[in-house]
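Here is a short report on one protein chain. Keep the sequence and the model side by side while reading.

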Amino acid sequence: MTDREHWNPDLETAPTDALRRIEAAKLVRQIAYTAAHSLFYRAKWAAAGVHPETIRGLDDLTRLPFTEKREFQDSQQANPPFGANQTAPLDALVRMQATGGTTGRPLRMGMTRADIAVYNEIGARAAWCNGLRPGDVLFECMNYSLYAGGVSDHMTFETVGACVAPVGIGQSKRLIEILKDMRIPVALWSTPSYALHLADVAREDGVDPRTLGIRKGFFSGDAGLAVPGYRARVEDALGLVARDMWGMGELGAPAAECRHVNGLHWLGQALVIAEFIDPEGGSPIPMVDGATGELVFTTIEREAHPLIRFRSHDRVTLWTSPCPCGRQGFRFRVLGRSDDMFIVKGINVFPLGVQDVIAQFAPDLSGEFQIVLDQTPPITRDPVIRVEAGPDLPAEQFSDVARRLAGRIREALVFTPEISIRPSGSMPRTERKAKRLYRAYLGERPN
Ligand SMILES: [Zn+2]
């Protein structure tokens, strides 16, 4: 069993037409099931004038309207506890998880046993692709309280066959004590910013973080690992190899890097259909090397809370050229959440792009930063970016580094920021997703 990739079945390398037949059959079944059980979709499709029985194959999917998370949230307010998209009876549900945190109220989602099995399989494919194997002891340092990535990710790692320790967050000192006694190479599952936080806590305790034995690092949560400088910083801080995994609470983790680290492999084959669209107009975009757009997801094996054309609002660039690992399907890199995008004098800016430039200034800058927008859009003034100095940057050089950073951002991202350099160690290290963008005009203030 240990060497068999049983969650990377033939489907993942199947000829495209065979996979399309399977996905089409499952889609037709999912739509019929959803039409029969979901008042939410029934009303939505009726309003759009689409009869669900006319959805007979993959090409018909685009005739259905998109679904936004906000619609589920509104539906839950009106129809508690799970909203009108509650498609399985309460006594069939065995788990409830909440998603969200970046926008609006958390979305409550019920899961049946079969839904959990699918969720586990998707995540297990991703973890395997990342390099997790039976025999690995994995310390999970994600938030377990309600957040979908806690218990659900834990169960997917157990599905791989790894030995998973539920650490949670806020336990760094206890974790360091345990790691000191383990004496074997171990694995970590956390946000990249948590890994840096853990290294800081270890150093404060007089422990070299590289001696903790964490050699495999699996990360999700911040898009930051996609930034080369940031990845190297995380790897260097703990002496590990870092791999990125991507997911959404509503969906699981259907994408991950393989050892060739050339983008996130799509791994949802035959369980979720991914479409690629133009985020503005909503029209399909051909999946070709270098294309940029938004991924939209449809579950095709979901008993409770089906997602039909669910918009991710993540902007990605994708590739379809072959990867040496042999996995088929597309690969992608996340450019940023459309929600996080802001427009300065007509230029689209993603915090990840800013992070990319700031990372080039290591070790003069620590890599921590906060973008503060104090003007209600349209933004016509230069936004303020607060960046943190590295430990060895003398204060008299702050203004020079600020000037050079502003110039580099102007070259790379075509907008001019006002740079404010803060002393080393003055910015909060978070164990959760690092917050980079503060809309001060909405009352969001960095501390
Ligand atoms: Zn690969």
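## A parallel pair: S16 and S19

This is a predicted model. Begin with strand S16, residues 365–373. S16 pairs with S19 in the parallel sense, over 3 bridges. Val372 has Tyr438 of S19 as its bridge partner. Leu373 has Arg439 of S19 as its bridge partner.

S16 also pairs with S17, this time in the antiparallel sense and over 5 bridges. Gln370 is bridged to Arg386 in S17. Is S16 mostly covered or mostly exposed? S16 is mostly covered, with 8 of its 9 residues buried.

## The four-strand sheet

These strands belong to an open sheet of 4 strands. The order is S18-S17-S16-S19, and the pairing is mixed. Which strands stand at the edges? They are S18 (418–422) and S19 (437–439). Each has a single partner strand, so one side of each is left without a neighbour in the sheet. From one strand to the next, the twist averages 25 degrees.

## Helices on this sheet

Helix H9 covers residues 351–359. H9 lies across S16, S17 (384–389) and S19. Its direction is about 145 degrees to that of S16. Helix H10, residues 398–413, packs on the sheet too. H10 touches S16, S17 and S18, and its direction makes about 140 degrees with that of S18.

The loop between H9 and S16 holds Pro363. A cis peptide bond joins Ala362 to Pro363, with omega at about 0 degrees.

## Ile343 in strand S14

Ile343 sits in strand S14, residues 342–344. Is Ile343 buried or exposed? Ile343 has 12 C-beta neighbours inside 10 Å, so it counts as exposed.

Ile343 still has contacts beyond its sequence neighbours. Leaving aside residues within four places in sequence, Ile343 is in contact with Asn348, Pro377 and Ile379. The C-alpha atoms of Ile343 and Pro378 are separated by 7.3 Å. Along the chain, these two are 35 residues apart.

## The eleven-strand sheet

Another open sheet has 11 strands, again with mixed pairing. The order is S4-S3-S5-S6-S7-S8-S9-S13-S12-S11-S10. Its edge strands are S4 (163–166) and S10 (272–277), and each pairs on one side only. Neighbouring strands of this sheet are turned by 40 degrees against each other on average, direction ignored.

## Helices H6 and H7

Helix H6 spans residues 172–182 and helix H7 spans residues 192–204. They pack at an angle of about 75 degrees, with their axes 10 Å apart. That angle makes H6 roughly perpendicular to H7.

Which residues meet at this contact? From H6 come Ser172, Lys173 and Ile176. From H7 come His197, Leu198, Val201 and Ala202. By class, the contact has 4 nonpolar, 2 polar and 1 charged residues.

## Backbone points to check

Two residues other than glycine have a positive phi. Arg183 has a phi of about 65 degrees. Arg183 lies in the loop between H6 and strand S5 (186–190). Arg183 is exposed, with 8 other C-beta atoms within 10 Å.

Ala270 also has a positive phi, near 65 degrees. Its place is in the loop between strand S9 (264–266) and S10. What is the burial state of Ala270? A residue is buried if 20 or more other C-beta atoms lie within 10 Å of its own. Ala270 has 20 such neighbours, so it counts as buried.

Another cis peptide bond joins Pro80 and Pro81, with omega at about 5 degrees. Pro81 is in the loop between helix H3 (69–78) and strand S1 (93–99).

## Domains

The domain assignment gives domain 1 as 1–260 and domain 2 as 342–442. The C-alpha centres of domain 1 and domain 2 lie 30 Å apart.

Terms used: Residues are numbered from 1 along each chain as its sequence is written. This is a predicted model: local features need pLDDT of at least 70, side-chain atom pairs count only at pLDDT 80 or more; totals for chains, interfaces and linings use all residues. Two strands pair if DSSP finds at least two bridges between them. Axes are lines fitted to C-alpha atoms, for helices over the stretch in contact, and angles run from 0 to 180 degrees between N-to-C directions. Two residues are in contact if their C-beta atoms, placed from the backbone, lie within 7 Å. Domain bounds come from an automatic or database domain assignment. Angles under 35 degrees count as roughly parallel, over 145 as roughly antiparallel, 65 to 115 as roughly perpendicular and the rest as oblique. Ala, Val, Leu, Ile, Met, Phe, Trp, Tyr, Cys and Pro count as nonpolar, Asp, Glu, Lys and Arg as charged, and the others, Gly among them, as polar.
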